[in-house]
Amino acid sequence: MRFPLLLVVALAGLLSSCSTFDKDPKVLITVFAQGNDMDSPKTIFRRTIEGRTMVLKVIPEFTHKSIVAIHPFPAADGTNGVALKLDFKGTNALEIVTRMRQGEMLVSMVNAAVVDYVSIDSVITDGVFTIWRGLPDELIAAMDEEYPRINELKAAGESASDMLEMLPSTSTAKRQARKR
């Protein structure tokens, strides 16, 4: 009788400490690289974008988990765009995809809806990725609750050196940056 009760208490303690039970983010951002029909069917999916069916890789190049800070701006079509400052992992993923896939597309999805796409024409090494359009005001307000602004991050003096850019990369460091 005592053992099952002890087991239940131990499992409850473990479940409460699991990171999978964190609150769900209000804004899910994923950026997918273009695939092709020669790829394995298990590694691609198709999405219609502006009347054209595109083949995209199933695994995103980076997600909202790599975002450190944002800079929203009004887009030409009346919606909003946003520049995303990525952490170390996201910066490396963006640099690799822009080196290896010149001339192909990167498709930005927000909350599982395609909002923008860009053609890769240069290597991005600074870790700033821009979604040029398609974000409503409500989404920008939700992102402001989740992420600091890029200029606030720079002003906070995150870097211990002028030579290295030290951005928060762990979930704890990102949470502390948001609080600041």
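In this predicted model, the buried residues of helix α2 pack against strands β1 (29–33), β4 (62–63), β6, β7 (105–110) and β9. The buried residues in question are G90, T91, A93, L94, E95, V97 and T98. An α-helix has 3.6 residues a turn, so residues three or four places apart point the same way. Helix α2 covers residues 88–100 and lies across β6 and β9, running at about 105° to β6. The length of α2 agrees with expectation, because its 13 residues at 1.5 Å a residue should span 18 Å and its end C-alpha atoms are 18 Å apart.

The chain as a whole contains 5 helices and 9 strands. From the N terminus on, its elements follow the order α-β-β-β-β-β-β-α-β-β-β-α-α-α. Of the 180 residues in the chain, 37% are buried. Among contacts with a separation of 6 or more, 60% are between residues 24 or more positions apart. The accessible surface of the chain comes to about 11400 Å², and carbon and sulfur atoms account for 59% of that surface.

Strands β6 and β9, across which α2 lies, belong to an open sheet of 3 strands with the order β5-β6-β9 and antiparallel pairing. Strands β5 (67–74) and β9 (128–135) stand at the edges; each has a single partner strand, so one side of each is left without a neighbour in the sheet. On average, neighbouring strands of this sheet are turned by 25° against each other, direction ignored. Strand β6 (residues 80–86) is joined to β9 by 5 bridges, and the two run antiparallel. Within this pairing, A83 stands opposite T130 in β9.

N80 lies in strand β6 and has a relative accessible area of 11%, which is under the 20% limit, so N80 is buried. Leaving aside neighbours within four places in sequence, N80 is in contact with F73, P74, A75, R133, G134, L135, P136, D137 and I140. T130 is located in strand β9, and at 15% relative accessibility T130 also counts as buried, because the limit is 20%. Residues up to four places away in sequence not being counted, T130 touches F73, V82 and A83. T130 and P72 are 58 residues apart in sequence, while their C-alpha atoms are 9.4 Å apart in space.

Strands β7 and β8 pair in the antiparallel sense over 6 bridges. In this pairing, V107 has Y117 in β8 as its bridge partner. The hairpin of β7 and β8 has 2 residues between the strands, and N111 in this hairpin takes a positive phi near 50°. V118 is placed in strand β8 and is buried, with a relative accessible area of 18%. Apart from neighbours within four places in sequence, V118 is in contact with E104, M105, L106, F129 and W132. V118 and I131 are 13 residues apart along the chain, and their C-alpha atoms are separated by 8.4 Å.

The largest nonpolar core comprises 25 residues, of which L84, L106, F129 and M143 touch the most other members. Strands β1, β5, β6, β7, β8 (113–119) and β9, together with helices α2 and α3, each supply at least two residues of this core. The largest share, 4 residues, comes from α3. The contacts of M143, leaving aside neighbours within four places in sequence, are with V27, I29, I70, V82 and L84. Another core, of 8 residues, lies apart from the largest one and has F45, M54, L56 and M105 among its members.

Key. Residues are numbered from 1 along each chain as its sequence is written. This is a predicted model: local features need pLDDT of at least 70, side-chain atom pairs count only at pLDDT 80 or more; totals for chains, interfaces and linings use all residues. Side-chain values use heavy atoms; hydrogens and water are left out. Two strands pair if DSSP finds at least two bridges between them. Axes are lines fitted to C-alpha atoms, for helices over the stretch in contact, and angles run from 0 to 180 degrees between N-to-C directions. Contact means heavy atoms within 4.5 Å. The expected span of a helix is 1.5 Å times one less than its number of residues. Buried means under 20% relative accessible area, exposed over 50%, partly exposed in between (1.4 Å probe, protein chains only). A nonpolar core is a set of buried Ala, Val, Leu, Ile, Met, Phe, Trp, Tyr and Cys residues joined through side-chain atoms within 4.5 Å. Accessible areas come from the Shrake-Rupley method with a 1.4 Å probe; for residues, only the protein chains shown count as cover.
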